[in-house]
Each structure stands twice: as C-alpha cells, then as structure tokens.
Amino acid sequence: MARALIEVLNLEVHYGGIAAVKGVSFAVEEGEMVCLIGANGAGKTSTLKALARLLPSRGEVHYGAERIDATPPHELIPRGLALVPEGRGIFARLTVAENLAMGAYHRSDKAGIAADLKRIHGLLPRLRERSAQVAGTLSGGEQQMLAIGRALMGRPKLLLLDEPSMGLAPLMVEKVFEVIRTVAAEGMTVLLVEQNAKLALELCARGYVMESGAITVADTSTNLLADPRVRAAYLGE
Amino acid sequence: MGWSVKHKLGLVAVAVALIALPFVLAMAGTAWVRITNFAVLFILLSLGLNIVVGFAGLLDLGYVAFFAVGAYVYALLASPHFGLHLPFWVILPIGALVAGLAGAVLGAPTLRLRGDYLAIVTLGFGEIVRIFMNNLSAPLNITNGPKGINLIDPFRIGDFSFATTAGALSGPIKYYYFLLIVLLAVIVINRRLQDSRIGRAWVAIREDEVAAKAAGIDTRNIKLLAFAMGASFGGIAGGMFAAIQGFVSPESFILNESIMILAMVVLGGMGNIWGVIAGALLLSFMPELLRYTVEPAQKALFGRMLVDPEVLRMLIFGFALVLTMRFRPAGLWPETRHRRELDADRK
C-alpha cells in the first residue's frame, strides 16, 4: 500500500464561534485521486482552505513525513501543495502569461519553468492562444483552465481543487474534468472538492461524503454511486 | 543596452535642460527655484507613497507621518535643540531607517485590513504621529511641541554649505542639484523594484490577496516591505525638507498633506512612475502658478479684485482635479493594468 501523501486527523475550522468543520479525518495516498462531496455549506471548502493553510484550524495535518498544520502557505507551495481556489482566484487584471508566471513565483529554475510552460500550453492550448489577453476577459471555463495551469506551474505533488465545475456550462465542465483526468493520469495526486457528486465520483476512485462539518460516509466511488443514501441526497434520485 | 542615437540625444537634451533649469528659474526669482525644490520633494513623497498605494494597492491616508519622522530625525540630530550637529550623510540614512521602522510598525497591525478600513487606520496613525510631535515637549522636551525646532543645520560637506550663496550658485540652486541626484536614484530604485520579484508580488497582492497566497507569496512580509520601503522614501524626503527649511513644526505634517500626496499619485496614475511624477509636478506647480496669475488676471478683466485670490486659487485647483478625474479616471498617465480595470468596468 502506498503511503499517504496527506493525512488529516480531527481537523476543525471555526469562524468566530461557529464550527464549519467539526473534526474530520481522512487521507489521500500518493498518486490517488480522491473527492470530497457534499452539499453547499457542508464545510468542504473550509477543509480544503485549512489544508492549504489559508484558514486557521485545529487538528493535525500531515504532508508526507511532515506535520504542516502550523506552516504558512508560502512555505507549502514550494513543497508541492497547490490549491486551485473556489471561484478560480485568478489575477483578473493580469494577462494569461503573467498569471502563469505568478504560479512559478517561488521557482528560480528558468529552464524548468520554460519547460513546464510548454507542457501546460500543450495540455491547455487555449492558454497559449490567449497568452497576451487579460485574464478577466476569458470565459469562465478558460479562467478555470488558467487557475489549474497556474497551479501546475508550481510543479505540485498534490493538487487541491475547489469546485472546478462551479458556474460552468456543461460542455466546459467536461473539458475541465478531462484536463484533471489527464493531469492525474500523469501521476499527480488530486483531492477534488465538488458539489457535482456524480461527476466527481465518476472521475475519482474514492470519495468522502461531508455533511454539516463531518464526514459521514467514506467508500470507493463505485460503492458510493450505488449507495441509496448518496443517490437520494446527491444524485437527485 | 540597445539605445538608439535618437534616444541618447533625447537623454542628453533632458539632462542639459534639468541642469540649466534652476538658472533659468532664478531669472524669474529665487522663489521659483524654491518652489521647484518643493515640487521635487513632493515627487519623492509621491514615489514613496506610490509603492504602498500604486504597487501594493494598500490605501494609506497617513503617509505624511513618515515625512514627519524623517524631518524630526534630521531636526533633532542637527540643531541646537539637543546640541547635536551630525552631518547629513549620517542623518539621512538614519531618517530613512527610522521612517522605515515606523512604516513596519504601522503595517504590522493592519495586515488583515484592506481598502476603507486600512485607510481609516492609517489616517489615525498619521494624526497620532503629528499629535506626538505636538506634545512630546513635557516632561522631557524632545520635540519642542508646537513651537517646533528652529536653526536646523543646512547640508554641509566640509566648508561647503548648501545654504550660502557662492557666485551664481545660490542656496536653493545647490539644493536643487542635490534633490535631482536623489530623485534620479529613487526613480532608478523604483524601476528596479517594479520589475523585480518583489514588484511582481506586490502586483499579485494588489490584484487578489487570496490568489497571491495560493501562488506561494508570503503576503505578510511582502506587505510589510511595501510599507517600510514607501516610508523610508518619505523619511529621506523629510530629512531634506528639514534642512532646506531650517525649521520644522507639527503644522507642516497635517492630514491635508497626506491627502495632497495621495491626490498626486491618483491624479498622475497609480502604479506608473512617470504618471506619478507628472501628477506631483502638476499639483505642486498649479497652486503657485495660480497664485501669480489669479490676481493680475482679475485686475485686467474687471479692473479690480473681485474674489480673494486665495479662495479662487483653491476653487480652480479643486475644479481642475474634478475635471481630470472625470475625463481621465485612471489618472493622467495610468499604468496599463489600472487602465484595463477601468476599461473592463465600462463594458
């Protein structure tokens, strides 16, 4: 069995007095593709943000052999933990090329950066076509592609994706998920947060179901897709 | 560098013009050289504030506080007040350092604030500094309170004093050249900063702080650095101000000055060094030009004074500001990205 790349123990996130995440534990192994599904407000985004250290939290987060729950985010990115934030979080007024360059902010290996840029342009050809365009004028799907591309520019080991399908037309969602599939096939470890449970479960091997701040079900995607509770609550059947 | 002959000739022409300028101005009166010197000081202040507001996008309404810190550091270390008379090349770096520290002190508690909230805190900070200067006269007399500090040493290198006239070189002309050199240095530093990793990190923070964090930028330190660097430019300008004036008092560092410097940055074009310089020049010279034209113009038109020139001056000044912001909302000479934002808003 592969060792866990990220392991979370009793993670809690509070906003003021309100608990958004109430002690969740889960793990993602190297090379795995895992999703965290659940309704709006279940605490999925808070969990992901806490992993990337963008939110203060309690509990333990282990990344590889290190404990990272007190590490600032700018030290995590060079170690290969990248978050594609919800709502894409691109720099709307910078060009596509500037956005991608920002993803390699912590790197100084010029040749490596150029090679990665080429690779990402190959993976996401739209970004090459629109290199000089201001990111805010891209379509929603292209912005999501850009957000993923920017994260990949940091050469991550673990990609945290927050609601990549949000607000996108179905055709675009398919394209975005195709990109995620390709990236994962190249060996990237992916933790995907999605409201679109069906899509997420079809893409990932395993999933966790989150409800009001806690993980209620954890199983393989096949089982989850067959689980009557999951079908009733998240697949609209 | 691949500069064309045309470029080089242009550069030489500008240099000659800048060197000859004070002598031309002196023909119209030494007052105009002084006005120019103050304009250069305001350019320095605007460039400093531009780092905070233009590059990093942190709205600072208390910037004059760092100008005050620099001025008081110079005044205290080179005047009979404490009987200290350190040379300026020692004091100016100290002033920059102390002002930079003050900038970090202001930055640290405001790291989580943005926009209007940050503006209010910085406004308060500016007032706190001024009130301290006003009241640090008892029980231990540090700043001499509202009376200010007088008889501040001018710049001196050996026997060469910047305050006295030597032939055609009057005091203000000597300071002009000194200010010009400092200004050139500050422009070069600013250009370098803008193109550096730090500059890119500032832009990222300005555009989207969460995304900047997600891109691996240490937003805390980078923001503190913006405050400290901007403040240290203000500190240097303050030191030179104290020496040129020979006198400092808390009155020179009121909120109005902070707003004026901010107006220069915004009017000129936030984030663009040349725009900011243009804004500072315009807002420094316009009131003075109006001072000398409003009165004769009225007399010529109506045969007598109808409106007090001081009132009319500020009226025209304000009106010009409103017009500029109406027709060039991103400033006279905006940075490309700010223009993009406004264009996007219009669509």
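**Figure 1. Burial and overall build of chain B.** In this predicted model, 44% of the 347 residues of chain B count as buried. Chain B holds 13 helices and four strands. Its radius of gyration is 21 Å, close to the 20 Å that the globule rule gives for 347 residues, so chain B is as compact as a globular protein of that length. Along the principal axes, the C-alpha atoms of chain B fill a box of roughly 60 × 55 × 50 Å. Take the contacts in chain B with a separation of 6 or more: 75% of them join residues 24 or more positions apart.

**Figure 2. The largest nonpolar core.** This core has 169 residues. Those with the most contacts inside it come from chain A, with Leu159(A) and Leu160(A), and from chain B, with Ala68(B), Val69(B), Tyr74(B) and Ala226(B). Helix H9 of chain B, residues 219-245, gives the most to the core: 14 residues. In soluble globular proteins, nonpolar side chains tend to be buried together.

**Figure 3. The surroundings of Val69(B).** Val69(B) is one of the core residues with the most contacts.

**Figure 4. The six-stranded sheet of chain A.** The sheet is open, and its strands run in the order S6-S7-S8-S3-S9-S10. Their pairing is mixed. Strand S6 (81-84) and strand S10 (214-220) of chain A stand at the edges; each has a single partner strand, so one side of each is left without a neighbour in the sheet. From one strand to the next, the twist averages 15°.

Figure 5. Strand S9(A), residues 206-211, pairs with S10(A) in the antiparallel sense over six bridges. Within this pair, Val209(A) stands opposite Val217(A) in S10(A). Helix H1 of chain A, residues 44-51, packs on the sheet. Helix H1(A) touches strand S3 (33-38), S6, strand S7 (158-162), strand S8 (189-194) and S9 of chain A. The direction of H1(A) makes about 150° with that of S7(A).

**Figure 6. Where chain A meets chain B.** The contact takes 23 residues from chain A and 17 residues from chain B. On the side of chain A that touches chain B, the elements that give two or more residues are helix H2 (73-76) and helix H3 (96-103) of chain A. By class, this side of chain A has 15 nonpolar, six polar and two charged residues.

Key. Residues numbered from 1 in each chain as written. Chains lettered and ligands numbered in written order. Predicted model: local features only at pLDDT ≥ 70, side-chain atom pairs only at ≥ 80, totals over all residues. Rg over C-alpha atoms; globule rule 2.2 N^0.38 Å. Buried ≥ 20, exposed ≤ 12 C-beta atoms within 10 Å, placed from the backbone. Contact = placed C-beta atoms within 7 Å. Core = buried A, V, L, I, M, F, W, Y, C linked by C-beta atoms within 7 Å. Pairing = 2+ DSSP bridges. Axes fitted to C-alpha atoms, helices over the stretch in contact; angles between N-to-C directions. Nonpolar A, V, L, I, M, F, W, Y, C, P; charged D, E, K, R; others polar.
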